[in-house]
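Biologist: Could you take me through this model? I would like to start with a helix pair and then turn to a charged residue.

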Amino acid sequence: MTVRIHDVAQAAGVSVTTVSRVLSDRGSVAEATRQKVLSAAQQVGYTRSTFLPRNDVRFIAVAMPQDPEHWQLEVSRLVNAELQSQGILTMTPLIDTNLASLKTSIQAGAGLVVTPTFTHVDVDVPVVRFDESSFAGAHTSLNETIAAKLDLATSLSLAFEHLTDLGHRKIGLVCKDSGELADLLASRFLAEHPMRNLGSAEDWIVRVSKSYSGGIHAAMRLKDAGGTAVIVQGQLQLFGVLDAIRKRGLTVPRDMSVVGIGDSLTTQYTGPPATVLALDSAAMAQTLAAATRSVLHIPGEQMKTVPPNFRPKLIARGSTSAGRA
């Protein structure tokens with residue numbers, strides 16, 4: 001059976017974070033505690049590549065999901081810049097199915113993982129990540145620190161409110177064909193769709209790959225079904241939706257109103273500029289950086305006692321207008 005960092009923490013009677021500081025030789029730990037952890041590690045038979053000579057330069061992994069949203073890329077970029085400005089070395093492995101890339105970073109000496117994701121990451125070092133406010137019974141472990149919560153699911157309420165105020169009822173959802181966030185959006189969509197009481201809300205969900213071609217396919221399917229508005233999870237899907245409407249000889253928003261999830265400079269200059277549910281990437285990055293400093297005991301802004309809850313705001317631009325009768 002594989003011996004893990006949790007086993008060392010239990011044997012030593014200390015936290016997983018304390019064990020990680022000792023094994024990585026980073027942060028302030030009392031000498032008596034350090035010796036207790038090392039003895040416990042030897043006792044349970046724990047070994048790993050972080051038993052290395054001391055290195056005063058901190059090294060962490062800023063990990064990305066394999067298929068990130070644009071806002072996750074932006075948050076990751078800002079976190080990297082913030083931490084590197086404090087002399088912390090970072091690398092950016094992917095969180096793939098078997099965590100191979102991430103585990104390689106840890107074997108190379110990364111003493112902490114920071115990631116703009118909601119998913120539980122099962123590794124032997126402390127993890128700093130986000131959580132989604134609406135996840136029921138989300139799985140977190142002792143070595144995970146939740147820097148902030150994101151209320152992405154209830155952001156659909158903003159989209160529905162905006163579109164129904166404009167007279168839309170046949171509203172579609174374009175989301176990824178897999179993933180926890182896509183599942184959550186689909187569930188929330190069914191619960192709040194204006195036609196849910198008619199038993200037809202499921203017909204308005206199209207799950208496709210997070211790609212340009214996926215967006216084209218979804219838009220044509222929804223338009224053929226009589227849809228007048230669509231909410232789109234991914235940015236590439238959004239571009240495909242806009243192009244599909246044009247290829248039909250139709251226009252946005254006259255023939256189809258479009259709302260994207262997540263903002264960027266690109267969405268501001270689409271034709272027409274896209275109405276979006278925007279996230280505060282800068283503030284989200286700051287919360288991850290503050291939580292990282294707290295875990296590593298680095299001077300500077302520390303994480304709040306109660307993690308903040310970020311909710312997207314709707315920015316109405318040219319891709320939405322009143323529904324046509």
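**Helix packing and a buried charge**

Modeller: Helices H8 and H9 are oblique to each other, a class that excludes angles under 35 degrees, over 145 and from 65 to 115. This is a predicted model, in which local features need pLDDT of at least 70 and side-chain atom pairs count only at pLDDT 80 or more, while totals for chains, interfaces and linings use all residues. Residues are numbered from 1 along each chain as its sequence is written, and side-chain values use heavy atoms, leaving out hydrogens and water.

Biologist: At what angle do H8 and H9 pack, and how far apart are their axes?

Modeller: H8 (residues 212–224) and H9 (residues 235–247) pack at about 50°, and their axes are 6 Å apart. The axes are lines fitted to C-alpha atoms over the stretch in contact, with angles running from 0 to 180 degrees between N-to-C directions.

Biologist: Which residues make the contact?

Modeller: With contact meaning heavy atoms within 4.5 Å, H8 contributes Tyr 212, Gly 215, Ile 216, Ala 219 and Met 220. Those of H9 include Leu 236, Phe 239 and Ile 245.

Biologist: Changing topic, is Glu 69 in a helix or a loop?

Modeller: Glu 69 lies in the loop between strand S2 (64–65) and helix H4 (70–84). Helices are DSSP runs of H or I with at least four residues, and strands are runs of E with at least two.

Biologist: Which side chain of opposite charge is nearest to Glu 69?

Modeller: That is Lys 210, 4.0 Å away.

Terms used: Buried means under 20% relative accessible area, exposed over 50%, partly exposed in between (1.4 Å probe, protein chains only). Lys and Arg count as positive and Asp and Glu as negative; His and the chain ends are not counted.
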